[in-house]
Amino acid sequence: MTKPPTPTTEELLLHDSDGKSKNEHAIAAHVREIIKLVGEDSERDGLRKTPERYEKALKFLTSGYHQNVDHILNGATFSVLYDEMVVVKDIEFFSLCEHHLLPFFGKAHVAYLPSKKVIGLSKIARLVNMFARRLQIQERMTTQIADAIKEKIAPQGVGVIIEARHLCMQMRGVEKQHGQAVTSAMLGEFRNNKQTRDEFLSLVRSKQR
């Protein structure tokens, strides 16, 4: 008899049952204590179920730790005679800053010049999600995406640009509401060839009419 497909990590986290893990609700227990420490009543109506909701949300937002590049690509690399730039831009993402555990979010723009292989377009967005769903800093996330593509298909070059707003800067600290961080990783032809790099930047800046 054919076995049913194994649920993905996201499905397991989004539809988590009451589970059998000995660590079940360990995060929730700590969150309940944190709520008390900030001076709230963790048992009042609005907060009674908050620790469990937070645990479920946090598991989803850090689900990238339970994924790897091979799992994400799942064989979706193809041998194609194509040597023009491939760009997937405006990939929306949400992540958690590892310094304050507050969200940062924005858009990633990813490009590469194929050598002998290409990647399924949806897999590039999934790569971005995988690295975003970890405790992160924007600079590391940018290089991780570029390095993963370089390692798996050995293209002529890879370019990644991430534009993001950080709530750790907007809600606290300097409290600058319109500040935006931009990071880039340029490998191979994107670093060595100004024409390639300029073409990528031009495509990223262009807006659909």
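Here is a walk through this predicted model, from the whole chain down to single residues. Residues are numbered from 1 along each chain as its sequence is written, and side-chain values use heavy atoms, with hydrogens and water left out. Since the model is predicted, local features need pLDDT of at least 70 and side-chain atom pairs count only at pLDDT 80 or more, while totals for chains, interfaces and linings use all residues.

Let's start with the whole chain. You'll find nine helices and seven strands in it. Both are DSSP runs numbered from the N terminus: helices are H or I with at least four residues, strands are E with at least two. The chain has 209 residues, and 37% of them count as buried. Buried here means under 20% relative accessible area, exposed means over 50%, and partly exposed is anything in between (1.4 Å probe, protein chains only). Now for contacts, meaning heavy atoms within 4.5 Å. Take those between residues at least 6 apart in sequence: 68% of them join residues at least 24 apart.

Next, have a look at helix α2, which covers residues 26-37. Its twelve residues should span 16 Å at 1.5 Å a residue, and the end C-alpha atoms are 17 Å apart, which agrees. (The expected span is 1.5 Å times one less than the number of residues.) Which residues of α2 are buried? They are A28, V31, R32 and I35. These four cover an arc of only 105° around the axis, so they sit on the same side of α2; the arc is that of the directions from the helix axis to the C-beta atoms. The buried residues pack against α3 (50-61). On the face turned away from the buried side, you'll see the exposed residues H30 and L37. After α2 comes G39, with a positive phi near 100°.

R32 also leads us to the charged side chains. A salt bridge is counted when a side-chain nitrogen of Lys or Arg is within 4 Å of a carboxyl oxygen of Asp or Glu, and by this rule there are ten. R32 belongs to a network of salt bridges that links it with E43 and E52. Another salt bridge joins the side chains of R44 and E40, at 3.0 Å from N to O. R44 counts as partly exposed because its relative accessibility is 38%, and E40 is partly exposed too, at 34%.

Helix α3 holds a pair of its own: K59 and E55 lie four residues apart, about one turn of the helix, and their side chains meet in a salt bridge of 3.1 Å, N to O. How covered are the two partners? K59 is partly exposed at 24% relative accessibility, whereas E55 is buried at 3%. Over in helix α9 (residues 194-205), D198 and K194 are likewise four residues apart, about one turn. The closest N and O atoms of their salt bridge are 2.6 Å apart. D198 is partly exposed at 33%, while K194 is exposed at 54%.

Now to the strands. V118 lies in strand β4 (residues 117-119) and is buried, with a relative accessible area of 15%. T77 is 41 residues away along the chain, yet the C-alpha atoms of V118 and T77 are separated by 5.6 Å. Leaving aside neighbours within four places in sequence, V118 is in contact with A76, T77, F78, V80 and Y112.

Together with F78 and Y82, V80 forms a nonpolar patch on the surface, with about 260 Å² of accessible area in total. Patches take residues with over 30% relative accessible area and no salt bridge, joining like charges within 9 Å and nonpolar side chains (Val, Leu, Ile, Met, Phe, Trp, Tyr) within 5 Å.

N74, in the loop between α4 (69-73) and β1, has a positive phi near 50° although it is a residue other than glycine; N74 counts as exposed, at 60% relative accessibility. D90 is found in strand β2. Its phi is positive as well, about 60°, and D90 is not a glycine. D90 is partly exposed, with a relative accessible area of 36%.

Conventions
Accessible areas come from the Shrake-Rupley method with a 1.4 Å probe; for residues, only the protein chains shown count as cover. The expected span of a helix is 1.5 Å times one less than its number of residues.
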